[in-house]
Structures are given as C-alpha cells and as structure tokens.
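Hi,

Here is the structure I promised to pass on. Have a look at it first, and then read my notes below.

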Amino acid sequence: MKRGLITIALALLAVSMVFAGGSAEADDGQKTITVWAWDDNFNVAVMKEAAEVYAQVNPDSGVTIDVESFSKEDVFVKLQTGLAGGGTAGLPDIVLLEDYVAGKYLTTFPGSFVDLTDLFDFSQFLQFKVDAVSQDGKVYGLPFDTGAAALYYRLDLIEEAGYTEEDMQNLTWDEFIAIGKDVLEKTGIPMIVEIANNKTTLVRAIMQSCGEWYFDKNGDISITNNASLRAAMEILLEMRDAGILFEAESTEGRAAALNNGRVASVVNAPWFISSLRPAEDQSGLWRATRIPRIADIPESINASNVGGSSWYVLANSDVKDEAIEFLQTVWQGNTDFYDTIMLNQGAMGSYIPGYSTSVYDAEDPFFGGQKINALFAEILPEVIPVNYGGYVAEANDAITTALANLFAGRTDVDGALAQADAQLHNQLGR
C-alpha cells in the first residue's frame with residue numbers, strides 16, 4: 001500500500017514539474033507575466049531587456065515580467081502537453097515559437113492563442129514575418145527576429161582568384177559556381193560550406209528566394225513540382241561534383257572550417273556572424289553580400305530568409321490584457337529598444353521603423369568597415385512571403401534523406417524528389 005502511495009506521489013510530482021511556471025497574482029495585487037523562451041544569450045536576454053524597458057516606462061504598472069528559460073525542445077513539449085490537457089495551470093502568458101513550427105500549433109490548438117490582428121499596426125512589420133504568424137486572415141503572433149540570408153565570403157581569397165568585391169554583387173548561382181571553380185584552382189580552397197548530413201539551410205534560402213517552399217499557398221505539400229527545390233538539389237550536386245562544396249561533419253565543424261581558413265564562404269543569417277568573429281586573425285578580410293539567385297527562374301531574387309521566431313499570447317492567460325499591453329509598449333514604436341537588442345544581442349527585429357536608426361550606419365571592422373546591418377535592412381523588405389506550413393522539421397528530414405541518397409549515387413534528382421515527397425506524405429498522413 002505504501003509503495004502505491006509513493007508511486008502516486010511521484011507521479012503527481014512529475015506532473016507538477018512539467019507544469020511549473022504560469023502567471024500569478026501576489027497578495028499585494030502585483031501581477032506577473034510569465035514568458036517562455038530558449039537561448040539565454042539571445043531570446044531570453046532580449047525579453048529580459050524588454051522587461052527592463054517596460055519597468056522604466058511604467059514603474060507603477062504593478063506588473064512583473066518573469067522570463068523563464070528552457071531548451072527549445074522543452075518549450076515545445078511543455079506547451080504542447082499543456083495545451084493538449086485543455087487547462088491553463090502551468091502554461092505561460094507569452095511564449096516564443098519558431099515561425100517554421102507556429103502553423104502546427106495554430107492548426108492543432110485553435111483558439112489557444114490571442115487574435116492580435118487589431119491590436120498592433122502590422123503594416124509596420126515585415127510582410128513575410130506577418131504572413132508567417134497569420135492563419136485564415138488573422139494575425140496570432142508578434143514578429144520578433146529575422147534571418148536575412150547573406151553570403152559571407154573571404155575577400156582575400158576571392159581577390160587571389162582574380163575577382164573583386166564588385167564581382168560578388170547580385171550574382172546568379174551559375175556565376176557563383178564559376179567563381180568558386182576559379183577560387184579552388186587558384187587557392188586550393190573550396191568555395192562554400194554546408195553540413196554533410198543537413199544541407200537544408202541552403203535549400204531553404206534558395207527556395208524562398210524564388211517565393212517557393214515545401215508547401216504551397218494552400219498548405220499542400222509541394223516537392224515534386226517545386227522548381228526551386230529541384231534547382232537547389234542540382235546546384236548542390238554541381239558544387240559537389242566541381243569540388244567547391246566543403247561538407248562539414250557538424251554545426252561546430254562548419255564554423256571551424258571557416259575559422260581555420262579551409263573554406264571561402266557560407267550562406268546563413270545575421271546571427272551566424274558570431275561564428276565568424278572568433279577568428280580574430282581574419283578581421284577585415286570578411287565581407288557580406290546578397291545571396292545568388294537562380295537565372296532560369298524569373299521570380300528568383302537576390303534576397304531570402306532563414307529562420308526566425310515570434311511571440312504569442314495564450315488566450316486563457318489570466319493576465320493576457322497586461323501581456324498585450326506590455327508587448328504594445330515595448331515592441332511597437334520603441335526604436336531605442338530595437339537598437340539595444342541589435343547592439344547587445346545581434347537581434348535583427350521585424351519592426352521596419354527600427355531600420356532607420358544610426359545603428360544601421362555603423363561600420364564593422366571585422367567586415368572591412370562594411371555597414372553590415374544596413375545590408376540586412378536592405379534585404380529584409382524584399383523577402384518573398386511563403387507558407388511555412390508548420391511542418392518544416394518533417395520536410396527537412398525528408399529532404400536530408402533524399403539528398404543523402406542523391407549524393408551517394410543511389411538516385412538522380414527526380415528520384416530524390418520522389419523519395420522526399422513520399423516520405424513527407426507518409427509522415428504527415430496526407
């Protein structure tokens with residue numbers, strides 16, 4: 001009997017641990033807004049900065065912002081578990097969700113997030129970000145960070161191959177590959193790096209530069225008839241065959257290859273700069289430019305995005321009005337706040353008026369005095385909105401498997417696309 005009671009007690013303890021957190025109101029009437037996020041150095045730090053700004057603007061608000069840090073996986077698991085249970089205990093008042101997965105939560109748990117459509121002036125935010133947090137004509141998330149895709153490259157290696165900084169502007173992928181072959185021939189260094197078992201960063205950047213995605217505008221799977229996805233596979237294969245694609249063994253290996261001078265360029269988001277800066281001996285040698293476009297696809301442009309997240313208010317929160325007021329006060333209209341998080345955390349926000357401040361005129365010595373932030377601000381408004389669909393992780397898995405078979409010579413591009421299509425349909429039950 002005692003053993004049974006102990007088992008029940010342990011089970012209750014486990015449940016209470018899963019649902020730790022949530023909003024609360026102290027005896028003195030002080031209200032607490034609980035926020036869930038991940039990454040202490042980025043998302044969590046940014047929201048703590050927002051909490052400080054709010055406290056300065058509204059010192060007598062009677063509201064405290066409690067930012068709780070978890071791993072990204074724990075945020076998603078705890079949120080899904082709580083929403084599936086149908087209650088409110090233990091759930092946060094505001095939660096951070098990746099744009100790539102938000103659609104899954106909005107579809108699976110309708111009514112769980114506050115409709116923010118009329119509560120913010122979304123015309124002041126990047127359109128592709130607004131689209132990413134919208135469903136059925138309503139906006140459910142407040143856009144946060146962006147992943148303006150840039151081509152980071154070593155100018156010294158490019159020049160050694162006979163090219164200039166001007167030659168790297170507004171390239172097509174054909175032109176990029178031609179330059180890469182010359183760089184390899186003249187320097188012995190491969191042109192570009194991707195991760196061996198996951199090349200989807202480049203795949204996603206190429207697709208969105210063409211206004212296409214794994215899913216079409218209606219949310220239906222778009223693999224075998226996706227011209228940009230086909231082109232991305234062909235580009236990767238051509239670069240591999242030409243010897244200009246360096247395949248790193250891991251995320252850490254990708255950064256190490258760049259830091260050690262074993263590769264000349266990479267396509268990634270603004271936050272990737274933190275992976276380049278540790279190579280202090282390379283300061284002044286790096287440059288950034290727009291990513292290449294696909295010449296044969298008229299819709300393709302030299303602009304894209306990889307990643308990004310947004311803030312959501314839980315509909316059943318006891319302090320949802322206070323949570324909305326907090327977001328309105330700090331995240332809309334306060335360009336000083338956006339300057340601060342850009343300088344301190346490297347967070348490129350989605351608030352368009354924030355791009356007109358002096359922060360974007362700053363010259364970066366690591367990039368030879370280039371106004372790197374201004375480049376991102378120039379790119380972002382051009383990014384073509386797509387329907388992420390909410391199942392990007394599943395699509396990435398399917399493409400990763402297909403690319404592995406393609407690179408191993410077990411199939412051709414048509415076969416790889418067919419395999420990915422079948423895997424994704426099977427996984428999603430469509």
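Predicted model: local features only at pLDDT ≥ 70, side-chain atom pairs only at ≥ 80, totals over all residues.

Let me start in a loop: Met 168 sits between helix H6 (155-160) and helix H7 (173-187). Helices here are DSSP runs of H or I with at least four residues, strands are runs of E with at least two, and both are numbered from the N terminus. Met 168 counts as buried because its relative accessibility is 0%; buried means under 20% relative accessible area, exposed over 50%, and partly exposed in between, with a 1.4 Å probe and protein chains only.

Residues are numbered from 1 along each chain as its sequence is written, and side-chain values use heavy atoms, with hydrogens and water left out.

The H6-H7 loop also holds Asn 170. Its phi is positive, near 50 degrees, in a residue other than glycine. At 41% relative accessibility, Asn 170 is partly exposed. Asp 39 is another non-glycine residue with a positive phi, near 75 degrees. You will find Asp 39 in the loop between S2 and H2, and at 37% relative accessibility it counts as partly exposed. As background, most residues other than glycine have a negative phi.

S2, helix H2 (residues 43-57) and S3 form a right-handed β-α-β unit; right-handed means that, with the strands pointing away from the viewer, the path from the first strand over the helix to the second runs clockwise. Strand S2 (residues 31-38) and strand S3 (residues 63-70) run parallel and are joined by eight bridges, where pairing requires DSSP to find at least two bridges between the strands. Val 35 stands opposite Val 67 in S3.

Now to H3. After H3 comes Gly 86, whose phi is positive, near 80 degrees.

Next, the empty spaces. Rolling a probe the size of a water molecule over the atoms shows where empty space is left. On a 1 Å grid over the protein atoms alone, a cavity is a set of points where a 1.4 Å probe fits but cannot get out, and a pocket is an open set with protein on both sides within 12 Å along at least five of seven lines; lining residues have an atom within 4 Å of a point. Points are joined across faces, edges and corners, and a volume is the space filled by probe spheres set on them.

- The largest pocket holds about 1,100 Å³ of space. Of its 38 lining residues, Lys 72, Glu 98, Arg 204, Trp 271 and Gly 307 lie nearest its centre. H15 gives the largest share of this lining, five residues.
- The lining of the largest pocket has 12 nonpolar, 17 polar and nine charged residues. Here Ala, Val, Leu, Ile, Met, Phe, Trp, Tyr, Cys and Pro count as nonpolar, Asp, Glu, Lys and Arg as charged, and the others, Gly among them, as polar.
- The second largest pocket holds about 410 Å³. It is lined by 20 residues, with Asp 131, Ser 134, Asn 387, Tyr 388 and Gly 389 nearest its centre. H4 supplies the largest share of that lining, four residues.
- One cavity of 30 Å³ or more is present. Tyr 338, Gly 349, Ser 350, Tyr 351, Gly 354, Tyr 355 and Tyr 360 line the largest cavity, and that lining has no charged residues.

Finally, is Glu 280 buried or exposed? Glu 280 is exposed, because its relative accessible area is 67%. This residue lies in the loop between H11 and strand S12 (286-290).

Enjoy exploring!
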